[in-house]
Amino acid sequence: EKGFDISVYNRPAYGEELVVSNFLKDNHALKNVSGFTDLPQFVASLATPRKILIMIKAGNAIDTVIDQLIPFLSKGDIIIDGGNSHYMDTAKRVDYLASKELHFVGCGISGGEEGARKGPSMMPGGSLESYQNIAPILETISAKDKTGKPCCTYIGPDGTGHFVKMVHNGMEYAEMQLLAEVYAIMKISMDNEKMAQILSDWKTTDLSSYLLEITIDILQKKEGNQYVLDTILDAAGNKGTGSWSSKAAFDLGSVNTMMSSAVFARYLSAFKEKRHSLSSRLKNVSEAIEGPDIKALESAYRFARIINHHQGFEPLRLASKEYHWELNLSEIARIWTNGCIIRSDFMEHSVAIFKKYEDYFEDDIIFKNLMSSESSIKDSISYSLKYRIPFDTFWAAYNYWISVTSENLSANLIQAQRDYFGAHTYQRKDDSTLSFYHTNWLEK
């Protein structure tokens with residue numbers, strides 16, 4: 001539709017024989033599309049330097065397809081992986097193909113079904129030369145921000161594109177879990193229409209986001225007289241990118257407790273049979289339920305979202321320094337303002353923040369907002385405790401804020417314990433040289 005001549009290929013495996021022919025039949029109006037089930041013919045149909053986008057499941061299948069393509073490629077051709085591959089695998093593929101005078105681009109793509117059709121947010125990483133070759137296409141088909149600029153930019157070398165997409169997905173996990181916990185708080189005293197109305201009110205504020213919008217739609221969707229949401233089994237799936245984000249944060253020494261809580265919440269939801277068995281052993285005491293303080297919950301939600309964004313951008317900042325990637329956080333925030341799942345008003349605000357500061361806490365307005373919201377998130381946490389509602393992601397946001405703004409933590413005891421059993425040494429408050437000490441704890 002954008003005017004590019006394209007060729008499409010799908011393997012003629014059992015059960016997939018008609019994929020290409022059906023695609024061409026469904027899109028017969030597009031005269032600039034050719035279809036193939038023969039790989040050499042497909043590659044030969046492309047102008048050089050060839051630009052081949054593969055969209056398949058991450059893992060060994062990517063390497064298999066690469067090895068199938070290589071014999072038919074020429075110097076300077078470009079293979080683009082548009083799936084959710086691990087960034088370290090992508091970095092290895094960049095080096096592997098470079099040794100064969102070929103380019104490899106790991107391109108994070110976000111937007112789901114709507115983005116795929118109308119324009120996604122795109123995060124390509126690899127050599128700058130390869131990006132410059134594919135930029136005219138990617139920037140044309142991507143979503144556009146409010147100024148009309150493409151929600152696509154050169155992220156950096158190696159596996160940076162997939163690293164940034166991985167972190168995006170971790171933030172997405174936490175954003176989704178926050179809304180699930182808001183829903184859990186409200187549903188014990190409200191019907192779906194009331195909840196949808198409250199969230200619709202929030203949508204008119206700085207809390208507006210794509211995920212908030214779809215949650216409102218989900219709450220109101222009916223089949224006959226029954227809400228679809230009420231028929232869905234409470235066992236959430238995952239594709240691994242959330243846990244990858246947590247693991248990467250561990251490696252970088254970055255704290256992303258909200259992403260981790262969101263991942264564990266999905267894991268817990270999968271134990272449906274066990275949860276059913278254990279819950280049946282509890283004595284349920286009926287009591288009158290008071291509705292939550294909606295203003296406090298709104299403030300708590302705003303608080304938690306700020307912390308999630310802070311925790312999300314921190315591994316990007318740290319990885320940029322650790323691996324010398326020179327990531328542009330403001331530009332990353334900008335391409336996340338449209339097309340992607342975590343697009344929101346706050347993400348648009350973040351573009352300007354990262355032009356001035358390294359992290360959100362350096363912004364005085366945001367810091368004061370967090371301070372003034374402390375009582376609200378404590379009230380919401382208290383409500384969750386009173387009515388026994390899992391509220392882990394909000395807890396994670398609050399605990400992180402309390403810890404990171406506390407001058408003194410209990411880590412001195414941890415260091416003493418480590419020195420006691422392992423002679424790991426410690427530093428003293430009264431020694432400005434920060435020398436290391438060891439105590440013989442058993443000496444009388």
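**Briefing: pockets, sheet and cavity**

The lining of the second largest pocket draws at least two residues from each of two elements, helix 19 (411–422) and strand 9 (426–427). The model described here is predicted. Its protein chain contains 19 helices and 10 strands.

**Overall chain**
- Along the principal axes, the C-alpha atoms of the protein chain occupy a box of roughly 75 × 70 × 45 Å.
- The protein chain has 444 residues, and 46% of them count as buried.
- Among contacts in the protein chain with a separation of 6 or more, 69% link residues 24 or more positions apart.

**Second largest pocket**
- The volume of this second largest pocket is about 270 Å³.
- Its lining consists of Asn408, Leu409, Ala411, Asn412, Gln415, Ala416, Tyr426, Gln427, Arg428, Lys429 and Trp441.
- Helix 19 is the greatest contributor to the lining of the second largest pocket, supplying 4 residues.
- By class, 5 residues of the lining of the second largest pocket are nonpolar, 4 are polar and 2 are charged.

- An open sheet is formed by 4 strands in the order 3-4-5-6, with mixed pairing.
- Strand 3 (51–54) and strand 6 (121–125) are the edge strands, and each of them pairs on one side only.
- On average, and with direction ignored, neighbouring strands of this sheet are turned by 25° against each other.
- The strands of a sheet are held in pairs by backbone hydrogen bonds, in either a parallel or an antiparallel arrangement.
- Strand 3 and strand 4 (residues 78–81) run parallel and are joined by 4 bridges.
- Within this part of the sheet, Ile54 has Asp81 of strand 4 as its bridge partner.
- Strand 4 also pairs with strand 5 in the parallel sense, again over 4 bridges.
- Val105 in strand 5 is the residue that stands opposite Ile80.

**Cover of the sheet**
- Helix 6 (residues 128–141) lies across strand 3, strand 4, strand 5 (103–110) and strand 6.
- The angle between helix 6 and strand 5 is about 30°.
- Strand 5 is mostly covered, with 7 of its 8 residues buried.

**Enclosed cavity**
- The count of cavities of 30 Å³ or more comes to 1.
- The largest cavity has a volume of about 30 Å³.
- Asn84, Ser85, His162, Lys165, Met166, Thr241 and Trp244 line the largest cavity.
- Helix 7 (160–187) and helix 10 (241–252) are the elements that give two or more residues to the lining of the largest cavity.
- Helix 7 provides the largest share of the lining of the largest cavity, at 3 residues.
- The lining of the largest cavity comprises 2 nonpolar, 4 polar and 1 charged residues.

Notes. Residues are numbered from 1 along each chain as its sequence is written. This is a predicted model: local features need pLDDT of at least 70, side-chain atom pairs count only at pLDDT 80 or more; totals for chains, interfaces and linings use all residues. Side-chain values use heavy atoms; hydrogens and water are left out. Two strands pair if DSSP finds at least two bridges between them. Axes are lines fitted to C-alpha atoms, for helices over the stretch in contact, and angles run from 0 to 180 degrees between N-to-C directions. Contact means heavy atoms within 4.5 Å. On a 1 Å grid over the protein atoms alone, a cavity is a set of points where a 1.4 Å probe fits but cannot get out, and a pocket is an open set with protein on both sides within 12 Å along at least five of seven lines; lining residues have an atom within 4 Å of a point. Grid points are joined across faces, edges and corners, and a volume is the space filled by probe spheres set on the points. Ala, Val, Leu, Ile, Met, Phe, Trp, Tyr, Cys and Pro count as nonpolar, Asp, Glu, Lys and Arg as charged, and the others, Gly among them, as polar. Buried means under 20% relative accessible area, exposed over 50%, partly exposed in between (1.4 Å probe, protein chains only).
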